[in-house]
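I opened the model to look up a few backbone angles, a pair of helices and the nonpolar cores. My notes follow in the order in which I took them.

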Amino acid sequence: MNVEDLVQYGPRLNSPGKSLKEALLWAQSEDRLTAGVYESAKIMTDDPDSVSFCVLAMDEEFQCDIALQIHFTLIQSFCFDNDISIVRVSDMQRLAEIVGDKAEPLEDAHCVLITNPADGSWEDPALEKLHLFCEESRRLNDWVPEISLPER
């Protein structure tokens with residue numbers, strides 16, 4: 001599927017929110033998910049080529065936390081420089097529900113990374129749809145598109 005297919009058949013495809021949820025759950029099942037601003041920054045610094053996708057989640061805290069805003073700016077810049085697809089979500093609580101452990105609540109879901117599989121295989125249709133969505137958004141000068149996560 002290419003960008004033109006996405007534009008032409010977009011309404012018939014899963015929404016970007018559903019694709020994001022599917023990609024997060026798939027990556028989580030394969031232990032390819034990293035949550036937390038500092039944890040994500042460490043992976044981006046140590047092995048930037050391993051990062052495939054970045055999700056930034058904003059909440060009320062984001063508006064008041066200058067340090068968090070600076071971290072977001074640095075993460076976005078890093079993603080742009082390293083050709084990593086990046087999106088925003090406005091519901092950090094919902095993102096934490098999706099990627100968190102049911103027994104222990106996730107403390108920092110402001111940044112979530114999906115890394116590449118260690119074996120080099122690449123069979124995640126949801127993630128491919130997200131990459132195409134991001135590519136199309138960049139063509140429309142929306143460099144960090146916002147996605148709404150689906151309800152349960």
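**Notebook: loops, helix pair, cores**

I began with Asp31, which is exposed at a relative accessible area of 71% (buried is under 20%, exposed over 50% and partly exposed in between, with a 1.4 Å probe and protein chains only). I noted that this is a predicted model, in which local features need pLDDT of at least 70 and side-chain atom pairs count only at pLDDT 80 or more, while totals for chains, interfaces and linings use all residues. Residues are numbered from 1 along each chain as its sequence is written, and side-chain values use heavy atoms, with hydrogens and water left out.

Asp31 sits in the loop between helix 2 and strand 1 (33-35), where helices (H or I, at least four residues) and strands (E, at least two) are DSSP runs numbered from the N terminus. I found its phi to be positive, about 60°, although Asp31 is not a glycine.

I then looked up Asp83, in the loop between helix 5 and strand 3, and read a positive phi near 55° for this residue, again not a glycine. Asp83 counts as exposed, with 67% relative accessibility.

Next I turned to the helix pair: how do helix 3 and helix 5 lie to each other? The axes of helix 3 (residues 37-46) and helix 5 (residues 66-81) come within 11 Å and cross at roughly 30°, the axes being lines fitted to C-alpha atoms over the stretch in contact, with angles from 0 to 180 degrees between N-to-C directions. The two helices are therefore roughly parallel, a label for angles under 35 degrees.

For the contact itself (heavy atoms within 4.5 Å), I listed Val37, Tyr38 and Met44 from helix 3, which meet Leu68, His71, Phe72, Ile75, Phe78 and Cys79 of helix 5.

Which residues touch the most other members of the largest nonpolar core? Of its 24 residues, these are Leu20, Leu24, Phe53, Val55, Leu95 and Ile114, a nonpolar core being a set of buried Ala, Val, Leu, Ile, Met, Phe, Trp, Tyr and Cys residues joined through side-chain atoms within 4.5 Å. Helix 6 gives the most to this core, with five residues.

Note on methods:
Parallel < 35°, antiparallel > 145°, perpendicular 65-115°, else oblique.
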